[in-house]
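Please take a moment with the sequence and the model shown here before reading on.

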Amino acid sequence: MTDAVLEESQSTTLTASQVSEFLISNPNFFQEYEYLLADLILPHSSGNATSLVERQAKVLRERNSELRNRLGDVIATARDNDHLFKLTKKLGLSLLEAESLEDAARVLHHSLRNDFKVDCANIILFDRPQITSTSLITQLSSEAAKNVLGKLIRFDRVTCSALRVNELQYLFPQYEKDEGSAAIIPLSHKQDLGLLVVGNFNPQHFSPDMETTFISYIGEVASRCISQHLNNEQ
């Protein structure tokens, strides 16, 4: 074979990349040359040979299965969100009907424990010496709380975290537990009022990356309700 013929042969040889680009640009190619499909075989993981049509059908089945699983996850999430919305709405309406600070605290505790199924909950009000701590409300010094909780106290957003033993016992003194986690919800309306804390005895339950939309909304409604009752009782 002469050099000229060899050069011409090499110049007309298609690379795998070129074939791939051509087929991507011409997805209907095999409709016109359907007879080629019968001669195409692809190695199968089991060692057997399978036709291109069979492989395409298998890929499509796998994709459909994946899409069904994704759709199932979306539907499950939507149902969970709908359930949370109904519980949040119920709690918000009950808070609007509360006639006193103690009544509002009772509504919060009952809903969080019985509807939202949290292990423990506490309402902490800062620097309110006129308020006597009860099983529903704890009155604390804001400075003392900052010394114990540090960066867990944020009034611009909800903080979700695992708790050290001293933090757990400080937030939930009525429970003798060595481990747990909590969502620390700021109570703030025109001024910083305190914290609404909900806890779980599983250290991984409330994690920093969890969704807090509904928890934040509960905190906003509770803040306005508590603020109103504090002003009325002054």
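Among contacts in the protein chain between residues at least 6 apart in sequence, what percentage join residues at least 24 apart? In this predicted model, the figure is 53% of those contacts. The chain that makes them contains eight helices and seven strands, and of its 234 residues, 32% are buried.

The partners of β3 can be followed next. With β7 the strand pairs in the antiparallel sense, over six bridges, and within that pairing Ile124 has Leu195 of β7 as its bridge partner. With β4 the arrangement is parallel, and four bridges join the two strands; here the bridge partner of Leu125 is Gln139 in β4.

Strand β4 itself covers residues 137-140 and includes Thr138. Is Thr138 buried or exposed? Thr138 is buried, because its relative accessible area is 15%, and a residue counts as buried when that value is under 20%. Leaving aside neighbours within four places in sequence, Thr138 is in contact with Asn122, Ile123, Ile124, Leu125 and Ser133.

Ala145 belongs to helix α6, which runs over residues 142-149, and Ala145 is buried, with a relative accessible area of 0%. When residues up to four places away in sequence are not counted, Ala145 touches Phe126, Gly150, Ile153 and Tyr170. Leu171 lies 26 residues from Ala145 along the chain, and the C-alpha atoms of these two residues are separated by 9.2 Å.

Another pairing of strands involves β5, at residues 159-163, which is mostly covered, since four of its five residues are buried. Five bridges join β5 to strand β6 (residues 180-188), and the two run antiparallel. One of the links can be named, for Ala162 has Ser181 of β6 as its bridge partner.

How many disulfides does the structure hold? The structure holds zero disulfides. Cys160 counts as buried because its relative accessibility is 7%, and Cys225 is likewise buried, with a relative accessible area of 9%.

The last stop is the largest pocket, whose volume is about 510 Å³. This pocket is lined by 21 residues, of which Leu84, Phe116, Phe206, Met210 and Ile215 are the closest to its centre. The elements that each give two or more residues to the lining are α4 (52-97), α5 (101-115), β7 (192-200) and α8 (213-233). Sorted by class, the lining of the largest pocket has 12 nonpolar, six polar and three charged residues.

Terms used: Residues numbered from 1 in each chain as written. Predicted model: local features only at pLDDT ≥ 70, side-chain atom pairs only at ≥ 80, totals over all residues. Heavy atoms only, no water. 1 Å grid on protein atoms, 1.4 Å probe; cavity = no way out; pocket = protein on both sides within 12 Å on 5 of 7 lines; lining within 4 Å. Points joined across faces, edges and corners; volume = space filled by probe spheres on them. Nonpolar A, V, L, I, M, F, W, Y, C, P; charged D, E, K, R; others polar. Buried < 20%, exposed > 50% of the residue type's maximum accessible area, 1.4 Å probe, protein only. Pairing = 2+ DSSP bridges. Contact = heavy atoms within 4.5 Å. Disulfide = S-S within 2.5 Å.
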